[in-house]
Amino acid sequence: MIRGVGCMVRQDFLCVVNPAAGRGRTARLWPEIARLMRRAGLRYRVAFTEAPGHGTELAREAVRRATKMVVAVGGDGTVNEVVNGLAASGATLALIPTGSGNDLCRALGIGEDPLTAALTLCSGRHRLLDLGMVGNRYFLNICGIGFDAEVAHAVNNGLRWLGGAPAYLAGIVRALLRFKPVPLHLTLDGVELQAKGLLVAVANGPYYGAGIKIAPKASLDDGFFEVCLIGELGKIELLRTLPLAFRGEHENHPCVQFFRAREVTVSCPTRSLYIQGDGELLGETPASFRLFERALKVLVPGESRPLENPRRSRRRNRAGRPGQ
């Protein structure tokens, strides 16, 4: 046990670990995470992903073995793979963020420190979240079409080594040189909309792109997508607007519109557009999005004060602050 507090989660569970996530950060951190969980008295199995898509296979195999909880250890892409293996199974998803973006953990209040997140396995509670689907792929957080998917394409094809916000900002610069507003055809719960714009974000959660609050009012369990449409912004105006989006303060910009819907279709009559979901490229337009209400059980921080992260405790002691 840690600091004399018992763990709520004791059953066997599987940790799906992506050692490549976070530019190898996961591989470096995993031994410390594993030691912490063993000290907490947790019983678990571990499986390491070996290639893209392997996380989905491992999660599906865990479901076949009647595993009640699968822990995704990696970034948002790792979470997406595990979600696609758990959907409709009734198993619980838990998260230990060790990737570059970690936007879903940010939205759920889990934070970005992997050791603190690991302690949620001892003190957490279950929360039922909505689940999105595009084509035959599930997503838990946000899908983007247009400019942001071009950014994801750039990050996944040569810029990922920068990590987190720097990689995303470098991807924005590259996309600015290549992407212009395009004609868009949207259908929102049967209502059609024609527009010309830079991007459409179909959001279940508020954050993507390593902290950009693209859909400030999105909730992971309210039964609706928050759809953000960004219209014809020039390059200079886009760069001016981006800092507002990081803070979620772009809502009143004249070129930004928000809609709520459960079913969304997006197409572009002049070209196919990339679709990114949870930071991974999931296909191209035309695309249909559907929401499944309260369809996935996720472990989130509990109401009570979480167990102490020993690494942080040591830092406080050295600094002579409370805990000394």
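Q: Which helices each supply at least two residues of the lining of the largest cavity?
A: This is a predicted model, in which local features need pLDDT of at least 70 and side-chain atom pairs count only at pLDDT 80 or more, while totals for chains, interfaces and linings use all residues. Residues are numbered from 1 along each chain as its sequence is written, and side-chain values use heavy atoms, without hydrogens and water. A cavity is a set of points, on a 1 Å grid over the protein atoms alone, where a 1.4 Å probe fits but cannot get out, and lining residues have an atom within 4 Å of a point. With helices taken as DSSP runs (H or I, at least four residues) numbered from the N terminus, those that each supply at least two lining residues are α6 (147–159), α7 (164–178) and α8 (235–246).

Q: What volume does the largest cavity have?
A: Grid points are joined across faces, edges and corners, and a volume is the space filled by probe spheres set on the points. On this basis the largest cavity has a volume of about 160 Å³.

Q: Which residues lie closest to the centre of the largest cavity?
A: The lining of this cavity holds 15 residues, and its largest share, 4 residues, comes from α8. The closest to the centre are L199, I214, I230, L238 and L242.

Q: Which strand gives the most to the lining of the second largest cavity?
A: The second largest cavity has a volume of about 50 Å³. Strands are DSSP runs (E, at least two residues), and β3 (69–74) and β4 (92–97) are among the elements that each supply at least two lining residues here. With 3 residues, the element that gives the most is β4.

Terms used
1 Å grid on protein atoms, 1.4 Å probe; cavity = no way out; pocket = protein on both sides within 12 Å on 5 of 7 lines; lining within 4 Å.
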